[in-house]
Amino acid sequence: MSEILMKEMESISIKAEEGGDGGRSFLLVDEEENLQVRDESEFVDRLGCGDVAGVKVISIFGNTGDGKSHTLNHILFGGESVFYTSKSPNSCTVGVWAAYDPTLGLVSLDTEGLLGAAANQNQRMRLLLKVLAVSDIVVYRTRAERLHNDMFQFLSNASGAYLKHFTPELRALSSRCGLDVPLSSLGPAVIVFQETTHTQLLGHDSKGAGHADTLLQKRFHDLGLGTEAFSSMQYVGTQTITPPTDYSRLLEAVGQQVKNTHTRSPRQPGIVFHALDALSERFCGELSDEKMTPFSFFPDEYFTCSAVCLSCNVRCKNGMNHLRDRVPHMADGLCQYVHQFNNKVLICKRCYEGGREVIVLPKTSASTDNPWFGLAKYAWSGYVLECASCGVIYRSRQYWVGNQDPESGVVRSEVKHVWEGSDTFLTNHQNAAQRVLDGMNCVIQSVSEYSTGPTKAVAAWVTDQVAPPYWRPNAEITACHGCRKVFEEAERKHHCRSCGEGFCHPCSSHRMPVPERGWGSAPVRVCKACYQQGGPADTNSQVCKVEPRGLIARRVTEVAQSTLDMVTTAVDYPLCFVKDVARPDYWVPDQDIAQCHQCSKTFTPIMSKHHCRACGQGVCGACSARVKPVPSRGWDHPVRVCDGCHARTDVL
């Protein structure tokens with residue numbers, strides 16, 4: 001500590017011991033960035049400014065031992081020890097202390113000195129910028145004989161961090177408080193107060209007003225540093241050969257800034273508290289010394305999310321605690337594909353070209369399909385890619401041959417960043433097997449016998465998809481075309497290969513070749529009337545020309561039928577085997593589930609373990625009794641979810 005400051009402190013009566021209240025000041029924020037007042041009312045009461053309409057905030061910065069507390073006591077409180085001072089070699093100011101000066105209407109904030117040897121240095125540096133952000137006037141106090149580059153670097157870094165990280169939060173606070181002028185429109189006015197003993201002051205050789213301020217700005221410019229966030233930058237110097245220090249010029253400069261309402265107007269004391277509270281809530285948490293940007297007083301790591309992409313190790317660029325506002329993690333630059341994270345997504349090309357990014361997920365069925373026919377379509381035509389705006393844009397087996405890869409036409413691929421705790425990417429049909437099982441369970445639970453009505457309905461749909469053009473669709477057949485008997489739900493409908501109408505089995509039990517319809521020379525099913533007349537009554541040559549391709553499809557119908565038979569047979573497999581094969585990647589394995597994720601009830605051998613289709617956690621039956629669509633996971637129809645996910649108001 002300098003000799004001048006030691007002499008001055010010897011003449012001051014120190015009323016409080018270290019850790020005491022130091023007169024009228026009180027601890028506002030501790031060294032771990034925790035606010036020490038509960039609410040606005042306590043803040044105003046402890047300051048003693050409850051009946052004041054508007055205040056401004058002054059704060060002081062500087063290196064440890066340069067007499068910041070001493071300076072505030074003299075310029076605001078006539079030398080009274082409102083802020084604690086000490087002759088101890090250790091820093092006597094820890095955290096941020098506050099007091100109110102009724103003469104100038106200033107809330108004064110005393111900060112911990114720079115270059116101290118304290119723990120939690122990163123958090124304490126971040127705290128300094130929070131104080132700067134809520135201040136109207138900032139005094140940088142230095143006793144250096146010459147202005148060091150560190151001071152310029154500190155102020156420039158503070159300016160950049162204020163603009164980049166604090167402006168959005170302060171703007172949002174201004175909106176919530178209904179302020180006419182945003183708190184973030186202009187930063188505080190900065191006064192550099194230098195006290196020397198032997199060295200002449202900046203601009204001493206010029207009598208013109210403001211010359212020292214110009215020299216100060218030139219120094220910033222020469223160092224390639226900016227101060228755009230600050231509303232003004234002023235230099236005040238005093239040379240002290242014999243104590244005490246002359247603070248008159250500093251007091252005059254502070255008084256001018258208090259009266260200046262063009263850039264910063266007084267505001268209610270409560271708004272000061274809310275601003276500091278909002279910044280404390282937004283920018284909090286421990287800061288590791290690892291991966292900090294070197295050579296910066298306020299690196300981005302102080303204010304940005306600490307999450308790192310698991311795939312490419314790039315840090316999230318969003319502000320701290322952005323997940324509270326439901327803002328997802330983001331990072332600049334391209335990511336790298338890692339097989340274990342499967343972090344490639346498909347984006348609808350038409351929407352992308354229109355300026356929107358719509359991610360499409362491979363699914364067993366479109367959202368417009370009911371579970372019955374969705375299951376059949378998956379068995380027959382493969383997975384689908386459905387865009388929320390464009391509908392179904394791709395089916396993996398739309399044609400018999402020549403199906404192109406979706407990336408060659410309808411979608412573009414992009415490798416996304418992977419964040420800890422975020423959902424895994426559903427870029428392939430890894431859920432397809434489980435969705436088929438869910439479809440089967442839906443059928444099993446809704447009808448008594450799976451092999452009757454549902455199977456017939458599914459088979460009828462498959463038949464319609466591959467039937468020749470002259471066949472009447474199953475959906476239009478309600479009664480036998482021969483005997484007019486109405487079909488029952490589980491009764492099978494047969495088509496005559498000659499006329500294409502729908503019949504019951506007794507009315508279509510005859511067989512004969514129908515080469516004119518493209519069926520070749522082999523006998524095929526025909527109705528009684530066609531059998532008696534030896535063929536169709538009227539054959540259209542144009543139809544015959546296009547039918548062979550349809551007949552090829554019809555002959556392959558058995559492939560789909562066999563697939564459906566396999567689905568039916570899957571019910572007979574041991575459930576544990578089927579579940580292990582079909583389990584999506586994000587589901588917690590059964591062997592890792594010891595208790596219900598919702599009610600924490602321990603699972604017993606006789607209790608069933610269920611998986612929430614949204615979060616993938618294991619839950620008991622009572623905590624997963626409700627259903628809800630989970631489109632983000634590929635389930636457009638209601639499926640089992642846990643109570644926690646069911647209660648969410650956003651789209652799963």
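Because the model is predicted, local features need pLDDT of at least 70 and side-chain atom pairs count only at pLDDT 80 or more, while totals for chains, interfaces and linings use all residues. Residues are numbered from 1 along each chain as its sequence is written, and side-chain values use heavy atoms, with hydrogens and water left out.

The sheet is open and has 7 strands in the order 1-3-4-2-5-6-7, with mixed pairing. Strands and helices here are DSSP runs numbered from the N terminus (E, at least two residues, for strands; H or I, at least four, for helices), and two strands pair if DSSP finds at least two bridges between them. Strand 1 and strand 7 stand at the edges with a single partner strand each, so one side of each has no neighbour in the sheet. From one strand to the next the twist averages 25°, where axes are lines fitted to C-alpha atoms, for helices over the stretch in contact, and angles run from 0 to 180 degrees between N-to-C directions.

Strand 2 (residues 56-62) runs parallel to strand 4 (residues 106-110), to which 5 bridges join it, and Ile58 stands opposite Ser108 in strand 4. Strand 2 also pairs in the parallel sense with strand 5 (residues 137-142), over 5 bridges, with Ile60 opposite Val139. Strand 3 (residues 96-101), by contrast, runs antiparallel to strand 4 and is joined to it by 5 bridges; there Tyr100 has Val107 as its bridge partner.

Where do the side chains of a strand point? In a regular strand they alternate between the two faces of the sheet. In strand 2, Lys56, Ile58, Ile60 and Gly62 on one side and Val57, Ser59 and Phe61 on the other are all buried, buried meaning under 20% relative accessible area, exposed over 50% and partly exposed in between (1.4 Å probe, protein chains only). Helix 3 (residues 68-77) lies across strand 2, strand 3, strand 4 and strand 5, running at about 165° to strand 4.

Side chains of opposite charge can pair when their charged atoms come close. A salt bridge here is a side-chain nitrogen of Lys or Arg within 4 Å of a carboxyl oxygen of Asp or Glu, and by this rule the count comes to 15. In one of them, Glu33 meets Lys130 at 2.9 Å, N to O, linking the loop between strand 1 and helix 2 to helix 4 (residues 121-134) across 97 residues. Glu33 counts as buried at 5% relative accessibility, and Lys130 is buried at 0%.

Another joins Asp136 and Arg267, with the closest N and O atoms 2.8 Å apart; Asp136 lies in the loop between helix 4 and strand 5 and Arg267 in the loop between helix 7 and helix 8 (269-282), so the pair ties together parts 131 residues apart in sequence. Both Asp136 and Arg267 are buried. Elsewhere, Glu357, Arg412, Glu414 and Lys416 are linked in a network of salt bridges.

Most residues other than glycine have a negative phi, and most peptide bonds are trans. Glu33, although not a glycine, has a positive phi of about 70°, and Ser600, also not a glycine, has a positive phi of about 65°. Ser600 is partly exposed, with a relative accessible area of 42%. A cis peptide bond with omega of about 5° joins Pro243 and Pro244, and Pro244 sits in the loop between strand 7 (230-239) and helix 7 (248-259).

Notes: Contact means heavy atoms within 4.5 Å.
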